[in-house]
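Reader: I have a structure open and would like to learn how to read it. Could you take me through some features, with the general idea before each case?

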Amino acid sequence: MEKVKKTGRGRNIAVIVLAAVIVLVVGALAFAGNYLFRFALDPQAGGMLSAEDLDNLELEGKYAWFAGQAGDRWLTSHDGLKLHALYLPHEGSHQYAVVCHGYGSIPQYEGGAAAKFYEMGYSVLAPAARAHERSEGRYAGMGWPERRDIVAWVDTIVEQDPQAEVVLFGVSMGGATVMMTAGEADLSPNVKCVIEDCGYSSVWDEFAGQLEEMFGLPTFPVLDAASLVTQIRAGYGFKEASAADQVAKTSLPILFIHGEEDDFVPYWMLDVVYDACASADKERLSVPGAGHGEAAKEDPELYWATVEAFLDKYIN
C-alpha cells in the first residue's frame with residue numbers, strides 16, 4: 001500500500017514538474033515572440049522618425065526639391081486609418097508613378113526616384129506606409145496591409161484622371177509592397193506595369209535571415225511565436241505576407257532589380273520572386289557591386305536606362 005502511495009505521489013510530482021516546464025517554455029516563447037514583434041514592427045520601440053524629427057528634418061538636393069515641390073494628399077484606409085502621401089503633379093501628363101519607400105524611411109527620401117520620374121514626364125505620388133511619417137497606424141505592415149492601401153491610392157488617381165497610366169515603383173519594403181499589390185484582383189487596370197528593387201520574397205524569409213544574422217536564433221520556434229503575436233496584434237502572419245505568392249497571381253509586366261552584394265535582403269530572393277512571377281512580360285536586372293537599395297547609386301546609367309526602356313514598352 002505504501003508503495004502505491006509513493007508511486008502516485010511520484011506521478012503527481014512529475015505532472016507538476018512537466019506543467020511547470022511547459023509554462024516556462026510557453027512564457028519564454030511568448031516573451032521572445034512579443035520582443036521580436038515590437039523590435040521589428042512597433043514604431044514606439046524605436047527605428048521610425050517621430051513627429052518632432054519630421055518637423056526638424058533637414059533635406060538636401062533632390063530630397064529637398066521633391067519635398068518642397070510636392071503637396072499633401074490624404075486617404076482614409078479601409079480600416080479607418082488616415083494615410084499621408086506627397087504628390088507632385090506634372091501638368092498635362094496622364095502618366096503616374098506611385099513610389100513606395102522602404103522600412104523606416106519616408107516619402108521625402110524617395111526624392112531621387114521622384115525626380116527621375118518627373119523628368120520622364122510622370123506625376124509622382126509617394127505614399128507614406130502605415131506607422132511611417134505622418135500616416136497613422138500602430139504597427140508597420142511590411143507591405144502586406146499596405147498592398148490594400150496602394151490599391152486605394154491608385155483608385156484616387158483614376159478617379160481624378162480616368163486616362164491615367166500608372167507604374168508602381170518601390171525599393172526594399174516598397175519593392176515588396178508593389179509586388180504584393182500586383183497580385184490583388186481588384187487592382188485598377190490603369191496600372192500598366194511594376195518595377196521592384198530589392199524587395200523580399202516574403203516577410204517570413206526576410207525575418208528568418210535577420211533572426212539568424214542579428215540574434216543567432218533558429219526560426220523554430222522563435223519566429224513562429226513572433227508570427228503568431230503579429231497575427232494577433234497586427235492582423236497578419238509572416239508566411240501569409242508573401243510577395244512571391246502575390247506575383248504568382250499577376251499578368252502585369254514586372255521589372256525585378258537587385259544588387260548582387262545585397263546581404264540585407266539577400267540576392268537569392270531575386271530568383272525566388274522572378275521564378276514565381278506568372279507574368280509573360282517579366283525582366284530582371286542584377287547590378288554587380290550594389291548593396292541593399294544601392295543599385296541606382298552603384299550604376300545609375302544602367303539602372304535608369306533599363307527602367308526607361310521597360311517603361312517605354314508598356315506606357316505611352
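Author: Gladly! Let's begin with pairing: two strands pair if DSSP finds at least two bridges between them. Helices (H or I, at least four residues) and strands (E, at least two) are DSSP runs, numbered from the N terminus. This is a predicted model, in which local features need pLDDT of at least 70 and side-chain atom pairs count only at pLDDT 80 or more, while totals for chains, interfaces and linings use all residues. Residues are numbered from 1 along each chain as its sequence is written, and side-chain values use heavy atoms, with hydrogens and water left out.

Reader: Which residue of E7 does Glu196 stand opposite?

Author: Glu196 stands opposite Phe256. Strand E6 (residues 191–197) and E7 run parallel, joined by four bridges. On E8 (residues 282–287), six bridges pair that strand with E7, also in the parallel sense. There, Leu285 is the bridge partner of Ile257.

Reader: How many of the residues of strand E7 are buried?

Author: Buried means under 20% relative accessible area, exposed over 50%, and partly exposed in between (1.4 Å probe, protein chains only). In E7 (residues 254–259), six of six residues are buried. Ile254, Phe256 and His258 point one way, while Leu255, Ile257 and Gly259 point the other way.

Reader: What kind of unit do E7, helix H10 and E8 make?

Author: A crossover is right-handed if, with the strands pointing away from the viewer, the path from the first strand over the helix to the second runs clockwise. E7, H10 (residues 268–276) and E8 make a right-handed β-α-β unit.

Reader: What should I look for in the backbone?

Author: Most residues other than glycine have a negative phi, and most peptide bonds are trans. The bond from Phe220 to Pro221 is cis, with omega near 5°, and Pro221 lies in the loop between helix H7 (203–215) and H8. Glu133 has a positive phi, near 50°, and sits in the loop between strand E4 (123–127) and helix H5 (144–160). Met142, in the loop between E4 and H5, has a positive phi near 55°.
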